[in-house]
Amino acid sequence: MKTRLVAIVAAAVAVVSLAAQTPAPAPTSSASIPRYDVKRASSPPTIDGKLDDAAWAGAAPAVTLQFLWDSQTGAKQETRARVVWDAQAFYVGFDADDVDINARFEQRDDPTYMDDAVEIFINPDPKQEAHYYGFEMNARGVLYDYLNYNSRTLFKRWDATGVKIAASLRGTLNDRTDTDKGWSLEAAIPWANFEELSRRPPVAGTVWKANFNRWDGVQPNRRMSIWSDPQNAESWPHVPSRFGELAFVD
Ligand SMILES: [Ca+2]
Ligand SMILES: [Ca+2]
Ligand SMILES: [Ca+2]
């Protein structure tokens with residue numbers, strides 16, 4: 001009996017010491033909210049779709065979108081996104097690897113997310129996690145914009161004013177017989193568009209929340225990639241509580 005007790009105590013000590021040596025598991029990258037420093041541009045980028053401006057060279061290193069849903073069958077083609085700001089506007093630049101560039105929609109508020117498209121969702125008032133602005137832009141530079149009201153309703157009748165968008169293709173559009181290299185897109189969004197959720201433009205130190213997404217490929221082989229993991233089993237990005245942080249800095 002005594003021998004058995006000693007054995008149990010010895011086993012318990014072994015378990016305790018193992019526990020003491022094993023660090024707590026680090027939070028997975030998918031659970032944490034990413035943060036991006038939005039640097040002030042000394043001169044605004046020229047909105048021509050090409051990311052060769054000094055503003056982009058001075059931006060924080062680009063974020064790379066993640067592939068989270070392996071049930072999707074489209075190719076995993078990388079997308080990088082950067083943001084800068086100045087007194088006039090919010091500027092976003094996307095750079096997309098793409099061997100087959102396709103985009104059909106040509107009119108404002110067409111469902112550009114069905115094309116090769118990049119998206120940014122912007123919440124200028126992170127105290128609330130329901131309302132935000134959506135900008136979904138295809139490889140033609142066509143904009144589908146809306147105010148997201150809640151998880152079931154968005155107002156596409158909302159149209160941002162003064163937005164400039166341009167895309168630049170490294171390849172051919174809607175010609176599937178060749179091999180493309182990719183495309184890039186720039187957008188300038190004047191601050192007045194965010195007035196209802198942020199009365200004043202950001203200053204250094206302001207934090208907004210946002211997510212970047214890309215829809216890529218041709219049905220049935222489509223794939224979404226995303227910056228901040230919405231923690232959904234399905235590729236549904238409209239989860240403002242899971243947006244990453246955009247920290248405006250000088
Ligand atoms: Ca440019
Ligand atoms: Ca609209
Ligand atoms: Ca092509």
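Where is P220 found? Select P220: it is found in the loop between β11 (207-218) and β12 (221-226). Keep that spot in mind, as the tour returns there.

**Before you start**

This is a predicted model, in which local features need pLDDT of at least 70, side-chain atom pairs count only at pLDDT 80 or more, and totals for chains, interfaces and linings use all residues. Residues are numbered from 1 along each chain as its sequence is written, while chains are lettered from A and ligands numbered from 1 in the order in which they are written.

**Stop 1: the whole chain**

Colour by pLDDT, the predictor's confidence in each residue, from 0 to 100. The protein chain averages 91, and 88% of the residues score at least 70. Now select residues 5-29, where the pLDDT is below 50. Beyond near neighbours in sequence, this stretch has one contact in the model. Two residues are in contact if their C-beta atoms, placed from the backbone, lie within 7 Å.

Switch to a cartoon view. The protein chain has two helices and 13 strands. Both are DSSP runs, numbered from the N terminus: helices are H or I with at least four residues, strands are E with at least two.

Take contacts between residues at least 6 apart in sequence: 63% of them join residues at least 24 apart. Buried residues make up 35% of the 250 residues in the protein chain. A residue is buried if 20 or more other C-beta atoms lie within 10 Å of its own, exposed if 12 or fewer, and partly exposed in between, with C-beta atoms placed from the backbone.

**Stop 2: E186**

Select E186, in strand β10 (residues 182-190). Why does E186 count as buried? Because E186 has 27 C-beta neighbours inside 10 Å. Show its contacts, leaving aside neighbours within four places in sequence: P45, I47, G49, L51, Y91, G93 and A166. Then pick K164. E186 and K164 are 22 residues apart in sequence and 8.0 Å apart in space, C-alpha to C-alpha.

**Stop 3: G93**

From E186, step to its contact G93. G93 is in strand β4 (residues 89-97). G93 counts as buried because 24 C-beta neighbours lie inside 10 Å. Setting aside residues within four places in sequence, G93 is in contact with L51, W56, R82, S184 and E186. Draw a line from G93 to P45. They are 48 residues apart in sequence, and 9.5 Å separates them in space, C-alpha to C-alpha.

**Stop 4: the core**

Next comes the largest nonpolar core, with 51 residues. Such a core is a set of buried Ala, Val, Leu, Ile, Met, Phe, Trp, Tyr and Cys residues joined through C-beta atoms within 7 Å. Highlight V83, V84, Y91, V92, M137 and L185, which touch the most other members. Strand β4 gives the most to this core, with six residues. Click on V92. Not counting residues up to four places away in sequence, V92 touches A81, V83, I120 and A187.

**Stop 5**

Select strand β13 (residues 244-249) and show side chains. They alternate: G244, L246 and F248 point to one face and are buried.

Which way do β1 and β13 run, parallel or antiparallel? Strand β1 (residues 35-40) runs parallel to β13, joined by five bridges. Strands pair if DSSP finds at least two bridges between them. Look for K39, opposite V249 in β13. W208 stands opposite L246 in β13.

**Stop 6: back to P220**

Follow β11 into β12. A hairpin joins these strands through two residues. They run antiparallel, with six bridges. N213 has I226 in β12 as its bridge partner. Zoom in on the peptide bond from Q219 to P220: it is cis, with omega near 5 degrees.

**Stop 7: two loop residues**

Most residues other than glycine have a negative phi, and most peptide bonds are trans. Now select D109, whose phi is positive, near 70 degrees. D109 sits in the loop between β4 and β5 (117-123). With 16 C-beta neighbours inside 10 Å, D109 counts as partly exposed.

Finish at N174, in the loop between β9 (164-170) and β10. Its phi is also positive, near 60 degrees. N174 has 14 C-beta neighbours inside 10 Å, so N174 counts as partly exposed.
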